[in-house]
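Trainee: Please take a close look at one part of this model, the contact between the two chains, and connect it to the features around it.

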Amino acid sequence: MSYQFDFLALLPYWREFALGVWLTLELSAIATVLGFVFGTLCAIGRSGGSPAVKWAIAAYVEVIRNTPLLVQIFLVYFGIATLGVHLSANFAAVAALVVNVTAYTCEIVRAGIESIHKAQLEAAECLGLSRAQTYWHVILRPAVERVYPALTSQYVLLMLASSITSQISAEELTAVANRIQSDTFRSFETYIVVGVLYILLSMVVRIGFGLFGLLVFVRRRKLGTSL
Amino acid sequence: MPTFTLVHLEYLSWAALWTIGLSVIAFIGGGILGFGVAMARIAPSRVLRTAAMVYIQLVQGTPLLILLFLIYFGVAILGFNQVPAILAASLGLTIYASGFLAEIWRGCIQSVPKTQWEAAECLALTRWQRMTRVILPQAIRIATPPTVGFMVQIVKNTSLASVVGFIELAQAGKIINTSIYEPFTIFVIVAIFYFLICFPLSTWSRSLERKLNVSGR
């Protein structure tokens, strides 16, 4: 092998790499928060809505989970453009990621909701809790706590999948890498650096979710047991 | 202005076959490699276990897109000038699938109750016999639903093979789009193709899971 590795050629670009990392984090953070909110609402609708609502949400989840993210991104980006609305690449990227991760979140949270024992609901009724109180204290919070590890994995995958948005040239780490490698002709080195950055990012995201979990789930922190 | 015609549909159908072909290659390759990694992951040797764990972490921590770029440019560095797209795509997806399948299967193998391992040892079965006669037959039952579920992920992720120049469904859609520019129609049809491949797999995975739960009760 006669190839000379030259990582030093990439040194002048460290600012752009850092910016790429930041943009990827930002993109995935927005998609995660919105996806969690919408996904949880869908899960509530799917477990307690009218039959029509249930069916519609189920159909949406199935369609999203059985088509590639890349195609969803193309549809949002190019598809909406043909309707006459022009979206920036980044807006389309966030929108597509949210549409995608909402479906997965819905499925995960629904599993959590279904795992809540019926006796818990009866107990809540006996205690005279209102419908909203029951949903919040007895159903949602324990449900989310129970599926929190699955949600964490899903959101790490989302962060990695956000790299696909580089295909519509949204600004994030992979897009930055594509640009740097065409500037320097150091393709292999560039993608090694970016690969390492993604691995570090996924560790950071995982640890971040772990700490956030400790902060939010008081019961778990105090008792040290999972639900 | 040309519009979407049957010719385009035929082109997409051929591309769908390539998608299926690539998925099958990735599943078989990833399955063989992943099984090896899963075995290494539970091997008695600590070095092997750590190596397998690092491999899984590396594969699961990098986006498939980056993995494909690395292979595409990496093989060129090794001195092969023109890498056939199918080779680069197959290699990338095989590595990707092996990382995830290894972790799924490790979980399934380890979820076989400990007493089964101990009983096999009491009966003086060799390590090989214990694995092939006692543990794996039980683990395969547990592993089938998530494995079928992961096939869906493989099919969907073949859409990224376009970055190394492989023409499959998504890339075919893009090619047609550059000629007739009807993105909405084209990508909806592309999505339908993917759905038709993935949905039966998802349904199958779920029904397998249901059957397993019933018999395990």
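Mentor: A salt bridge is counted where a side-chain nitrogen of Lys or Arg lies within 4 Å of a carboxyl oxygen of Asp or Glu. The model is a predicted one, and in it the side chains of A:Glu62 and B:Arg206 form such a bridge, at 2.9 Å from N to O. Across the interface of chain B and chain A, one salt bridge is found. Polar contacts across this interface come to four residue pairs, with both residues at pLDDT 80 or more.

Chain B's side of the contact draws on several helices. Helix H2 (46-61), helix H3 (64-77), helix H6 (127-157), helix H7 (169-180) and helix H8 (183-216) of chain B each give at least two residues to the side that touches chain A. H8(B) has the largest share of that side, with 12 residues. By residue type, the side of chain B that touches chain A divides into 25 nonpolar, eight polar and three charged residues.

Next, the extent of the contact. The size of an interface is often given as the accessible area lost when the parts come together. Here chain B and chain A bury about 3100 Å² between them, and 77% of this is on carbon and sulfur atoms. Of the area that chain B buries against chain A, 18% is supplied by B:Ile77, B:Lys156 and B:Phe187, more than by any other three residues. Counted in residues, the contact takes 36 from chain B and 34 from chain A.

Over all chains, the count of aromatic pairs is 16. One of them is B:Phe100 with B:Phe150, a stacked pair with 5.7 Å from centre to centre and 20° between the planes. B:Phe100 lies in helix H4 (residues 85-110) of chain B and B:Phe150 in helix H6 of chain B, so this pair ties together parts that are 50 residues apart in sequence. Both B:Phe100 and B:Phe150 are buried.

Some features within chain A complete the picture. A:Val94 is part of helix H4 (residues 89-114) of chain A. A:Val94 counts as buried because its relative accessible area is 16%, and the cut-off for buried is under 20%. Leaving aside residues up to four places away in sequence, A:Val94 touches A:Leu27 and A:Ile30. From the C-alpha atom of A:Val94 to that of A:Arg110, 16 residues apart along the chain, the separation is 23 Å.

Two loop residues of chain A have a positive phi without being glycine. For A:Ser169 the value is about 50°. A:Ser169 sits in the loop between helix H6 (131-161) and helix H7 (173-184) of chain A, and its relative accessibility of 52% makes it exposed. For A:Phe185, phi is near 60°. A:Phe185 is found in the loop between H7 and helix H8 (187-216) of chain A. A:Phe185 counts as exposed because its relative accessibility is 67%, where the cut-off is over 50%.

Notes
Residues numbered from 1 in each chain as written. Chains lettered and ligands numbered in written order. Predicted model: local features only at pLDDT ≥ 70, side-chain atom pairs only at ≥ 80, totals over all residues. Heavy atoms only, no water. Contact = heavy atoms within 4.5 Å. Buried area = accessible area lost by both parts, 1.4 Å probe. Polar contact = N/O pair within 3.5 Å; in protein donor to acceptor, adjacent residues only side chain to side chain. Helix = DSSP H or I, 4+ residues; strand = E, 2+ residues; numbered from the N terminus. Nonpolar A, V, L, I, M, F, W, Y, C, P; charged D, E, K, R; others polar. Buried < 20%, exposed > 50% of the residue type's maximum accessible area, 1.4 Å probe, protein only. Phe/Tyr/Trp six-rings, centres within 6.5 Å; stacked < 30°, edge-to-face > 60°.
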